[in-house]
Amino acid sequence: MKKILAVFGTLCAIFLLVLLVNYVSNENMIKKYNRGIYEGNDLDWLGFTQPYIAPFNQGDLYYKQGFYDQAIEQYQKALKKHPTRKAICDIRVNWALALTVPLDTESKDIQILDENIRVIQEAKDILLEDGCANADHESGHDKEAQELYNILDQLQQQQEQKKQEQQQQDQNQDQNQDQNQDQDQNQDQNQNQDQEQDPLEQQFQELQEEAAEAREEEMGDAENYYGNGSYYEKPW
């Protein structure tokens, strides 16, 4: 009986020692993290009682370094390791942030705006899982998840409005371009008409010149006729 108690006591001591070492190593990693030193926990394998913590922490390390795809992979892995209810929502909040932080929300490019809208919707859906947030803007069971959901919902509406405005602006530009093209075509047509009218004007001028010459000849003949007195000497 004493041997059994001794073995049991030894196992309990080892178990507590493992938990203590894991706790200390995690605290050390967190302190470094807060100082901007993003290093993993080499002893995270000791956290077998809470296996989601290691990938969750690793995801945060990737996130802070801007490796968002790697961070998302770690968050997804953490969700599969049976986290607590509170931890589930914390993981989902960080996952949604890793999706949306890299977005270029200032862009006016239609394709980028479409992608932003799609990704934001994906992030919102992530927050709705497990009841962390509520789509009706009522409080989900996690305050941070609900606040982030509300912000993303407003951001999505903003991106959709910007897309509509950009589409209208592009449409107006296309119409202006079409009008300019029509004006250019009309100008070209007028120029062509002017060019076509040039020979006619030349012919008309030639006719005018011929008519003027003919008139001068007629006037000359009349002067010769009246000048010799043949008309004035006739009796009335």
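Biologist: How many residues of the protein chain count as buried, as a percentage?
Modeller: Bear in mind that this is a predicted model. The protein chain has 236 residues. The share of them that counts as buried is 25%.

Biologist: How many helices and how many strands does the protein chain have?
Modeller: Going from the N terminus, the elements run α-α-α-α-α-α. So much for the order; the tally for the protein chain is zero strands and six helices.

Biologist: What span should helix α3 have, and what is the distance between its end C-alpha atoms?
Modeller: α3 covers residues 68–79, which makes twelve residues. At 1.5 Å a residue, the helix should span 16 Å. That agrees with the model, where the end C-alpha atoms are 17 Å apart.

Biologist: Do the buried residues of α3 line one face or fall elsewhere, and what arc do they keep within?
Modeller: Buried in α3 are Ala71, Ile72, Gln74, Tyr75 and Ala78. Looking down the helix axis, these buried residues line one face, because they fall within an arc of 165 degrees.

Biologist: Which residues on the other side of α3 are exposed?
Modeller: The buried residues of α3 pack against α2 (53–64) and α4 (85–100). Over on the other side of α3, the exposed ones are Asp69 and Glu73.

Biologist: Which element gives the most to the largest nonpolar core?
Modeller: That core has 27 residues, and Tyr75, Leu99 and Leu127 have the most contacts inside it. Two or more residues come from each of α3, α4, α5 (110–128) and α6 (143–227). With nine residues, the element giving the most is α4.

Biologist: Which residues does Leu127 touch, leaving out those up to four places away in sequence?
Modeller: Leu127 is one of the buried residues of α5, as are Leu113, Ile117 and Ile120, among others. Leaving out residues up to four places away in sequence, Leu127 touches Arg92, Val93, Ala96, Cys132, Ala133, Ala145, Leu148, Tyr149 and Leu152.

Biologist: At the start of α5, which backbone nitrogen does a side-chain oxygen of Asp109 reach?
Modeller: The helix itself has 19 residues and should span 27 Å, which agrees with its end C-alpha atoms being 27 Å apart. At its start, a side-chain oxygen of Asp109 comes to within 3.0 Å of the backbone nitrogen of Gln111.

Biologist: And which residue with a positive phi follows α5?
Modeller: Here the phi is near 60 degrees. The residue that follows α5 with this positive phi is Asp130.

How values were computed. Residues numbered from 1 in each chain as written. Predicted model: local features only at pLDDT ≥ 70, side-chain atom pairs only at ≥ 80, totals over all residues. Heavy atoms only, no water. Helix = DSSP H or I, 4+ residues; strand = E, 2+ residues; numbered from the N terminus. Buried < 20%, exposed > 50% of the residue type's maximum accessible area, 1.4 Å probe, protein only. Expected span 1.5 Å × (residues − 1). Arc of directions from axis to C-beta. Contact = heavy atoms within 4.5 Å. Core = buried A, V, L, I, M, F, W, Y, C linked by side-chain atoms within 4.5 Å. Polar contact = N/O pair within 3.5 Å; in protein donor to acceptor, adjacent residues only side chain to side chain.
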